[in-house]
Amino acid sequence: MTQLVIISIYLMLLLCLGVFSSKLFRGTSKDYMLASHSIGPFMLLMSLFGTTMTAFALVGSTGESFKEGAGVYGLLASSSGIIHSLCFFVLGVKLWDLGRKHGYTTQIQYFRDRLESDRIGILLFPILVGLVIPYLLIGVMASGTVINSITEGAFETAFAEYDYGVPPWLASLVICIVVLVYVFFGGMRGTAMANTAQTMVFMVLGLITFVIISHKLGGLEQATQNVVDKNPTKMMRTVDPQDQENYDTAYAKWKTVAFYNYSKRIKGLKLTAEQLKAGMDAFPVAGPAGYLKKTRGPAVFAAKNGLIDLSYEEKNKALLLQDDRITEGQAAGTIEDLPIDKELSHESFEEWHRRGGADAIGLELFEAQVGHPNDAMPGKPELKKWTRKKAKGVYRATSWAPDAPRPMDPWKFLTYFFVPLSVGMFPHLFQHWLTAKSADSFKLAVVAHPIFIMIVWVPCVLLGVWMTSADIIPAHFPPNAVLPAAVKALTTPFVAGLLSAGILAAIMSSLDSQFLCVGTMFTTDIVTHYRKKSEFTDKQLIVIARTFIVAIVALTYFFSLFEPRRVFTLGVWCFSGFSSLFPLILASLYWKKLTKAGAYAAILAAGGSWLYLFAESNWAANPHYTFLGVMPVATMVAATTVAMIVVSLVTKPPSEETLQKFFK
Amino acid sequence: MIYPMICSRIALLNPTSIQSFRNRHAIMNKNGKFIVIGLVILLIILHHDVWNWDKKEPVMGFMPVALLWQALISVGAGITWYIATKIAWPVFDDDDAVVVTESVTDAGSEVSEGGE
């Protein structure tokens, strides 16, 4: 309950900040959308940094390093330090200058003018808004996960199906409403102020929590030593031989269980009571609620005594069934494309997608253990009842195949460099750039951004790596919940509440800019562009912007209710879409020969390649998807660049007047 | 006291001194850009630290090499961008105010050297 109270107080404070910033509001749409170009260096730094660091930076980085190891920092954080500032420097300052001279508020206004094409706005608007939605989704989804995880057991009887905590759908809804309120009250000024305050909150609280957690794990050195001893692969980017050996052993044992279960469930193998008892007695490890002894003991007994006899086809079905990739009904029938002359490798059977919600069976298996997390287990007062999440987690950790240690592919690592280019095309950053008071206001942001990234990411990545070996979080744990679970397990309720507020601060400091930006784009690029601006009062324009924002937030919220993806994976896909448009904005500023037709070709190539590759990755369900051995974003950027250059070179160049306007 | 004020007024109306500042700045800016581009390329090369791929022993007892090296790349990026703001920062029209101030200072120095 303490955590819930702290989070509630924090949200109330934010609402007060929104109300306060509304006192400074000048009542014009320019002030609402661009804070009347009045933002100085410090607030510009904090709002740019707060906007780019979202759930992706805290929740995503911790979860991803838990899965993939310390190399995650190099994948995105250090490259972002180079590329983000490069974008601020090469694009931001120049666009700020053009925006100030020609009165732009949005990217589309600029592109319409630069490319001498009105219709380019019609093509770009749905693409940009469409790409902002998954970005919003990351924040909305993560806020629900964080609040739910951290408030488990806060209620006595309510929300039992959500472990007596705030349901994710309700938490996400509250966060959306709070952000909407302060964006509506304060506009861009309120957003910049809230971003500044929230960025300071999440940086300071993050560091405090990191110190507390490292202390709880026995100090920095001990926490890392645990990883070196138990999961050395997480310390590097190749696979440690010891880890490979451990995995090979665990996988072989898991296959025995899979073959036994298939024989029992599909082929009707039945051990006698004596055989079952002998198997269980011989198995040394009881596991949670004695589950391992019950399931693995008989399997080992059956294998040792030659009671399992399966063909390759049956073995392959057994692997898929045990890993919840097919149902029992499918296992009893014929499966297309299933090899019948060789056994599937772990890597190849992962191509069959796991059934959504398959781990719910854990709730049935451990029905006796599940309850209110503050209640004692009957007959064992020293143990607490399990949450529903834990029951599912135990099922996943004991039933699904062990995670194979995975090296980081150097080509994939190299081509991750294209992902941070997305910053150049984020519509909300474009709007933030235009709020700057002067070109010099950018200097602090350009210099401090990489250092701030380091301050936020290094503790998160270390924490994720440490959690692999701290015996707190089991295998197959949802990556999005690693950070809140670690905080809850290793800190006091008070600190957990504070850090949750910090995580929410990071999430909300991005959501607010994005909310404001989609509203601005709609009023500027659609409403006042196609109807005379004089037909609307400033007040009406603000109402229209707010209505559109609510519609987009409602749509995002609706999507967030479905099966969640890994925050990191979804983020990378969203950023890849924006990155694929980077060549267009770069060329528009520095290449005189860019033509209208070239720009259309670039946008179509970017949209087409993104959609094709996103579908190929099963809509982000496959977090390890690569195309031709490299990150899909590399292909997208290449396709966009080639289409843009080739078409521009063979079509009519822009008018002299336009060239004078943009390249004098 | 009055003379520098007059000089500053003249400088405001003197496009030659503004142009001279711009020319000097343009030369510095051009060289600066090459230095910054070089530093960024160096950072990108150093970022791809394949030589650290299989190092598992922590540095300082707790820091994975894969993390420390990349954190240093972040520090390097901060330094590079600091240099960029000093030697390759673009000049815009509203920077004329800065140009004028510097021109006034230049004019003042010349007058002082002349024994006025």
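A residue is called buried if 20 or more other C-beta atoms lie within 10 Å of its own, exposed if 12 or fewer do, and partly exposed in between. The views below come from a predicted model, which scores ipTM 0.83 and pTM 0.82.

**View 1. Chain B is built from helices.** The chain has four helices and zero strands, and its elements run α-α-α-α from the N terminus on. Of the 116 residues in chain B, 21% are buried. Among contacts in chain B between residues at least 6 apart in sequence, 83% join residues at least 24 apart.

View 2. The average pLDDT of chain B is 71, and 53% of the residues score at least 70. Where pLDDT is low, the predicted coordinates should not be read in detail.

**View 3. Chain A meets chain B.** Here 41 residues of chain A are in contact with 30 residues of chain B. On the side of chain A that touches chain B, α5 (72-102), α9 (220-230), α18 (410-415) and α20 (441-467) each supply at least two residues. The largest share, twelve residues, comes from α5(A). By class, this side of chain A has 27 nonpolar, nine polar and five charged residues.

**View 4. Two domains of chain A touch each other.** Domain 1 of chain A takes in residues 2-222 + 405-663, and domain 2 of chain A takes in 238-399. Their centres, taken over C-alpha atoms, are separated by 40 Å. The contact between them takes 13 residues from domain 1 and 16 residues from domain 2. On the side of domain 1 that touches domain 2 there are seven nonpolar, three polar and three charged residues.

**View 5. Helix α10 of chain A packs against other helices.** The 25 residues of α10(A) should span 36 Å at 1.5 Å a residue, and this agrees with its end C-alpha atoms, which are 36 Å apart. Its buried residues are Trp254(A), Val257(A), Ala258(A), Phe259(A), Tyr260(A), Tyr262(A) and Ser263(A). These buried residues pack against α12 (291-304), α13 (312-322) and α14 (328-332) of chain A.

**View 6. Leu271(A) sits in a loop.** The loop lies between α10 (241-265) and α11 (273-282) of chain A. Leu271(A) counts as partly exposed because it has 18 C-beta neighbours inside 10 Å, and a buried residue would need 20 or more. Not counting residues up to four places away in sequence, Leu271(A) touches Leu276(A), Pro298(A) and Ala302(A). Ile127(A) is 144 residues from Leu271(A) along the chain, and their C-alpha atoms are separated by 60 Å.

**View 7. Two strands of chain A form a hairpin.** Strand β1 (residues 376-377) of chain A pairs with β2(A) in the antiparallel sense over two bridges. Met377(A) stands opposite Lys380(A) in β2(A). Two residues lie between the strands, and Gly379(A) in the turn has a positive phi of about 80 degrees. Strand β2 (residues 380-384) of chain A is hardly covered: of its five residues, the count of buried ones is zero.

Technical notes: Residues are numbered from 1 along each chain as its sequence is written. Chains are lettered from A and ligands numbered from 1 in the order in which they are written. This is a predicted model: local features need pLDDT of at least 70, side-chain atom pairs count only at pLDDT 80 or more; totals for chains, interfaces and linings use all residues. Two residues are in contact if their C-beta atoms, placed from the backbone, lie within 7 Å. Ala, Val, Leu, Ile, Met, Phe, Trp, Tyr, Cys and Pro count as nonpolar, Asp, Glu, Lys and Arg as charged, and the others, Gly among them, as polar. The expected span of a helix is 1.5 Å times one less than its number of residues. Domain bounds come from an automatic or database domain assignment. Two strands pair if DSSP finds at least two bridges between them. pLDDT is the predictor's confidence in each residue, from 0 to 100.
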